[in-house]
Amino acid sequence: MESIGLDHIEAAAKQLAPVIRRTPLVASRVLSERTGLEVRLKCENLQRTGSFKPRGAYHRIANLPAADRRRGVVAASAGNHAQGVAWSATTLGIDSTVFMPIGASLPKLAATRAYGATVHQVGDSIDRSLTAAMDFAEQTGATLIHPFDHPDIVAGQATVALEILEQLPEVGTVVVPTGGGGLLAGVVVALRHLAPEVRVIGVQAAQAAAWPESLAAGKPVALERMSTMADGIAVGLPGEVPFAHVADRVSIVTVDEDALSSALLLCMERAKLIVEPAGAAAVAALMSRADELDLRGPVCAILSGGNVDPLLLTRLIGHGLSAAGRYLAVRVTISDRPGSLGRLLAAVGDTGASVLDVVHSRTGAWLAIDEVEVLLTLETRGATHRDDVLDALETAGYPVRVQD
């Protein structure tokens, strides 16, 4: 297998310089306070098309021979890779075709078409879309642009690490959202050549974590199933090329769904950055697992993407608020007598919580004839205040059940 050298990465950087944005590295006071180390965020969510993907896609497509360019390129993706390929191909004057699952979000579909690709929706999963893309490549001669499993893709993604070293030469740890491994491998290879003392930590969603088992087995091992909001890193099988460059050189940690949504919310509230769940994975690791990571400062967390459907974002914000103790939904059984609801709401008011919604029900089969159930949705000031509200209601004699 071809080894990716520093000359390959530097050639990619030179090729990309006229077209790719040099994304900012911004300080995060809240993460610095939580970790006790200086933390910077590498904002690839502000890259062209909203993610790091054009770095690898452009480098791969730009290196195609003239004959292959004339036949066009094809890709399969539900989001960021689709847009990266479409933008790169159009910028280079090459036709592109992208196969996307039927369930792909409308904003991502619209963006991919707007960047110039011909889009076909096939199947209910990215695997079926990939099969269709491979069939298309065989029938038409178009070149299949893989999202991570090619040396040119890895070399293009490695330019993120070159920028980090230029912007923060003293960096001690780089934390990388990880799916198939293209970005992770690029960062590892670049740092191995230029700053081998820097630690690299890959972060996966706990419910889509193929890397830990693969590293233990010494080869890529496929997951049987995945289920995570972080669709950008939901890859069931690490790539052969990334794995060959990553094995034994990184630590991999996983983060749960609550951590991902809390990280997304923190990026919005404190950094004023829109980041998708996958893009916030590195922040999630610093928020929830910093004590386990053996961090060396300064720390750089890569925000790998910001393409999130507004409808999904609304739900994610709610999930993040709940995970952060900012929302509280409780079921309370009270007497069906005049004034009972008023007294309950007064008790809530005394705690300083804000009432967002009240549902008053007399129809539950579990209720006595003189009882009603009240579902309250409250806004609290954080986890400590949330617990104080629950304690106050129970002290006042109200049986409380927390609603998930």
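**A buried histidine, salt bridges and a charged patch**

Modeller: Let us begin with His-81, which counts as buried because its relative accessibility is 4%, and please keep in mind that everything here comes from a predicted model.

Biologist: Okay, and which helix is His-81 found in?

Modeller: His-81 belongs to helix 5, the helix that covers residues 80–91.

Biologist: What does His-81 touch, leaving out residues up to four places away in sequence?

Modeller: With those left out, His-81 is in contact with Lys-53, Ala-75, Ala-76, Ile-145, His-146 and Pro-147.

Biologist: And how far apart in space are His-81 and Leu-184?

Modeller: From C-alpha to C-alpha they are 16 Å apart, while in sequence 103 residues separate His-81 from Leu-184.

Biologist: Switching topic, how many salt bridges does the structure hold?

Modeller: There are 12 salt bridges in the structure, and one of them pairs Arg-55 with Glu-163, whose closest N and O atoms are 3.1 Å apart. Arg-55 sits in helix 3 (residues 53–62) and Glu-163 in helix 8 (residues 151–167), so this pair ties together parts that are 108 residues apart in sequence.

Biologist: Are those two buried or exposed?

Modeller: Arg-55 and Glu-163 are both buried, and they also take part in a network of salt bridges that links them with Lys-42 and Glu-44.

Biologist: What about Glu-373, which residue does it meet in a salt bridge?

Modeller: The side chain of Glu-373 meets that of Arg-331, with 3.0 Å from N to O. Because Glu-373 lies in strand 13 (residues 371–379) and Arg-331 in strand 11 (residues 327–335), the pair ties together parts that are 42 residues apart in sequence.

Biologist: Then what is the salt bridge partner of Glu-292?

Modeller: Glu-292 pairs with Arg-289, and their closest N and O atoms are 2.5 Å apart. Glu-292 counts as exposed because its relative accessibility is 54%, while Arg-289, at 23%, counts as partly exposed.

Biologist: Last one: which residues gather in the patch of negative charge on the surface?

Modeller: That patch is formed by Asp-387, Asp-388, Asp-391 and Glu-394. Among them, Asp-391 has its place in helix 16 (residues 383–395), and Asp-391 counts as partly exposed because its relative accessibility is 44%.

Notes:
Residues are numbered from 1 along each chain as its sequence is written. This is a predicted model: local features need pLDDT of at least 70, side-chain atom pairs count only at pLDDT 80 or more; totals for chains, interfaces and linings use all residues. Side-chain values use heavy atoms; hydrogens and water are left out. Patches are made of residues with over 30% relative accessible area and no salt bridge: like charges are joined within 9 Å, nonpolar side chains (Val, Leu, Ile, Met, Phe, Trp, Tyr) within 5 Å. Accessible areas come from the Shrake-Rupley method with a 1.4 Å probe; for residues, only the protein chains shown count as cover. A salt bridge is a side-chain nitrogen of Lys or Arg within 4 Å of a carboxyl oxygen of Asp or Glu. Lys and Arg count as positive and Asp and Glu as negative; His and the chain ends are not counted. The place of a charge is taken as NZ of Lys, CZ of Arg, CG of Asp or CD of Glu. Helices (H or I, at least four residues) and strands (E, at least two) are DSSP runs, numbered from the N terminus. Buried means under 20% relative accessible area, exposed over 50%, partly exposed in between (1.4 Å probe, protein chains only). Contact means heavy atoms within 4.5 Å.
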